[in-house]
Amino acid sequence: MIIDCHGHYTTAPPALATWRDRQIAALTDPSAIPARADLNISDDELRETIEPNQLRLMDERGIDLTVFSPRASFMAHHIGDFHTSSTWAAICNELCHRISQLYPKRFAPAAMLPQSPGVDPATCIPELTRCVEDFGAVALNLNPDPSGGHWTAPPLTDRSWYPLYEKMIEYDIPAMIHVSTSVNPAFHTTGAHYLNADTTAFMQLVQGDLFTDFPTLRLVIPHGGGAVPYHWGRFRGLAMALGKPPLEQHVLDNVYFDTCVYHQPGSDLLYEVIPTRNILFASEMIGAVRDIDPCTGRHFDDTRRYAEAAGLPAHDLAAVQEHNARTVYPRLDTLLKRQGR
């Protein structure tokens, strides 16, 4: 089967954005704050947003299952305070759970955390617990920059993150390191901030010794790892200069990269540089890049074609498209086995 480890609910009903606008407006007028009960989205409305969009493309491209999380740019942890983020995360996570219930063999939920700038990451644990225990979440999204492009949070190796890591290990659940909207005009959200964050997160992990403290922690860096595969020699050299072990020992037992790279040469580079065991198939559709590439006549984000044209041996291709995800996401593997897959 083919597992897409990186999907977001980018086509949610307009009522969700309308409720969010009301929530944001209430930050300056607390009397206008909306109740969670004010948001009413039926199962039929969810079907109307999924079937002609994500599900249609999954069928056309032969993708069997998508790990599905709230829209990354909508996380917007910089808005309001922890209470704002907590309410918003709960609503978005519930919608992804409902999608997974409507299409249990096509979507598995992943959790958004209610992060907030300057707030102890441990405050996210109750929502993480709820999503795993009540909603069956198989992964979570962890934002290394809740400030929205100003990078006020400590690096991922800082001990302030440790309570989250401890809970992840308890649940045997990985995190995708994924930022949200940039409000810094110097960084375009999807063209700069996302890729900067992927590269920055990897370098933080190279600089630190996080996996000495958490040898079973698993982190997925999306978008092909940002600049990491392209500059693998630089990172190897920097690790040496910092007195760290080779990257294969220092980070690659714990860090994985997805295949959200939207042209063949870039995909080929990823497959050539990064060990196959560290690559997870993903497309992030319907996401940042939605158009058809005039050079190929295919959608930029149809990443299955790039994987199958990369010349991988059959067993390596199967590892990328299925088996690595089962290893990195044990709760997903358990879910699939329960379904007889």
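Predicted model: local features only at pLDDT ≥ 70, side-chain atom pairs only at ≥ 80, totals over all residues.
1. Start with helix 6, residues 125-135. Its buried residues are I125, E127, L128, T129, C131, V132 and F135. An α-helix has 3.6 residues a turn, so residues three or four places apart point the same way.

2. Next, the neighbours of helix 6. Its buried residues pack against three helices by name: helix 5 (82-102), helix 7 (162-171) and helix 15 (330-338). They also pack against strand 3 (107-112) and strand 4 (139-142).

3. Look just past the end of helix 6. There G136 takes a positive phi of about 70 degrees.

4. The second largest pocket holds about 230 Å³ of space. It is lined by 15 residues, and the closest to its centre are P109, F135, G136, L335 and R338. F135 is also one of the buried residues of helix 6, and G136 is the residue with the positive phi.

5. Which elements give two or more residues to the lining of this second largest pocket? They are helix 5, strand 3, helix 6 and helix 15. Helix 15 provides the largest share, four residues. By type, the lining has eight nonpolar, five polar and two charged residues.

6. Helix 12 gives the most, with four.

7. Finally, the make-up of the largest pocket. Its lining counts twelve nonpolar residues, six polar and one charged.

How values were computed:
Residues numbered from 1 in each chain as written. Heavy atoms only, no water. Buried < 20%, exposed > 50% of the residue type's maximum accessible area, 1.4 Å probe, protein only. Contact = heavy atoms within 4.5 Å. Nonpolar A, V, L, I, M, F, W, Y, C, P; charged D, E, K, R; others polar. 1 Å grid on protein atoms, 1.4 Å probe; cavity = no way out; pocket = protein on both sides within 12 Å on 5 of 7 lines; lining within 4 Å. Points joined across faces, edges and corners; volume = space filled by probe spheres on them.
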